[in-house]
Amino acid sequence: MQVIVIGAGVVGVATAHYLRAAGCEVTVLEQLDGPATETSFANAGQVSPGYAAPWAAPGIPWKAVKWLTQPHSPLKIRPDGSLFQLSWMARMLANCTTAAYERNKGRMVPLAEYSRDCLRDLREELDLQYEQRSLGTLQVFRTAKQLEAAQRDSDILSAIGVPNHLLDAQGLVDAEPALARVPGKLVGALQLPNDETGDCKMFTDKLAARCEAAGVVFRYGVTVERLIAANQQIRQVQLKGGEILNADHVVLAAGCTSRALAAPLGLDLPVYPVKGYSLTIPLKNADAAPRSTVLDESYKIALTRFDSRLRVGGMAEVAGYDKHLDMGRVATLAMVTNDLFPDAGDTSQGTPWTGLRPMTPDGTPLVGGTSYPNLWLNTGHGTLGWTMACGSGRVLADLITKKTPEIESSGLALARY
């Protein structure tokens with residue numbers, strides 16, 4: 001069985017691995033010059049099943065209005081002139097109900113938990129090292145209202161069997177001792193002990209090398225122009241320059257460009273590019289840095305510890321396909337770092353980055369089939385591509401090779417729209 005995977009980010013490479021392990025002949029097409037060169041390049045570093053939650057949640061519309069007036073707002077909206085942007089935001093607002101939030105979170109968390117377990121198995125099987133840590137996530141709160149609201153998430157997580165602990169101010173310092181250096185700033189935290197961290201780019205590079213050694217063909221610097229349909233099947237992929245490739249199955253794991261590739265086929269993928277930022281800071285005092293990931297609820301910014309670096313990531317810009325690096329947004333990352341971990345490193349020496357996250361209105365990725373029996377989707381993971389990559393790849397490989405996935409996958413398909 002010949003399978004073409006379009007996209008060599010962490011999701012595409014994980015998909016290629018599981019397909020090859022299932023016996024498929026796999027070719028990966030990537031328009032850039034290597035794996036994990038775009039959205040997967042410098043993300044926040046979290047593998048956070050416990051924090052797998054949709055951005056669309058009760059109360060978010062009112063919070064968004066307040067955020068837009070703040071100098072260090074986690075959200076920025078700029079009209080891109082498209083009807084799609086308006087319809088996508090309308091769909092997202094429609095998911096900001098309690099029932100929708102619980103339904104969407106109920107789909108996301110099992111996939112994220114499964115994905116973390118797949119990652120652990122893969123790490124052991126292939127002896128992959130990517131500066132990983134297994135010390136959990138600490139979501140910290142600056143106000144009593146935030147801590148009170150966290151009880152809802154804690155209850156949902158407990159109901160679906162995800163370990164979590166609500167901590168007071170002393171408890172959060174016990175979990176992350178470096179926070180003792182900033183007394184009085186935080187009132188409590190939600191601890192998710194089973195979450196992990198790691199450098200996504202490093203992982204993807206190493207997994208791609210293993211895939212290549214196992215026979216997966218990677219073609220970098222090639223642009224897919226269109227998918228050629230005949231008799232409701234996708235049998236050919238045309239590259240820029242006219243080259244035609246044949247395939248039994250095609251997987252769209254091309255992040256934000258997946259929508260444009262699917263549109264000529266009559267498929268409306270609700271995947272919008274939401275821009276995020278990161279700052280990678282060399283550590284100068286390891287004891288003053290977090291041990292794992294600390295997530296600041298007020299600014300929606302994650303601070304993740306690697307071996308000798310601190311990766312600070314976050315923000316959300318709904319502004320189309322603009323990849324401009326706004327240094328004002330980077331300044332917010334630096335501000336939060338200096339506020340919580342002032343002695344960890346010199347933020348002026350950090351390396352800034354920005355990337356587009358492929359996001360669906362309900363927060364749940366598109367993993368599964370389409371109206372074309374041999375065209376498959378693995379995109380729309382938003383901020384959770386690193387968290388969900390291995391599980392999504394395993395589920396999709398099972399579906400393509402007609403095996404029953406180990407988790408319920410029907411709610412992940414495009415058909416829910």
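The report below describes a sheet, the helices packed on it and a pair of helices.

This is a predicted model, in which local features need pLDDT of at least 70, side-chain atom pairs count only at pLDDT 80 or more, and totals for chains, interfaces and linings use all residues. Residues are numbered from 1 along each chain as its sequence is written, and side-chain values use heavy atoms, with hydrogens and water left out.

Helices (DSSP runs of H or I, at least four residues) and strands (runs of E, at least two) are numbered from the N terminus. Six strands form an open sheet with mixed pairing, in the order S9-S2-S1-S13-S20-S19, where two strands pair if DSSP finds at least two bridges between them. Strands S9 (217-220) and S19 (366-369) stand at the edges with a single partner strand each, so one side of each is left without a neighbour in the sheet. Within the sheet, S1 (residues 2-6) and S2 (residues 25-30) pair in the parallel sense over five bridges, and Ile4 has Thr27 of S2 as its bridge partner.

| Helix | Strands touched | Angle |
|---|---|---|
| H10 (residues 385-400) | S13, S19, S20 | about 170° with S20 |

Elsewhere, H4 (residues 98-126) and H5 (residues 144-159) pack at about 45°, with their axes 11 Å apart. The contact is made by Tyr101, Glu102 and Lys105 of H4 and by Arg152, Asp153, Ile156 and Leu157 of H5.

Notes. Axes fitted to C-alpha atoms, helices over the stretch in contact; angles between N-to-C directions. Contact = heavy atoms within 4.5 Å.
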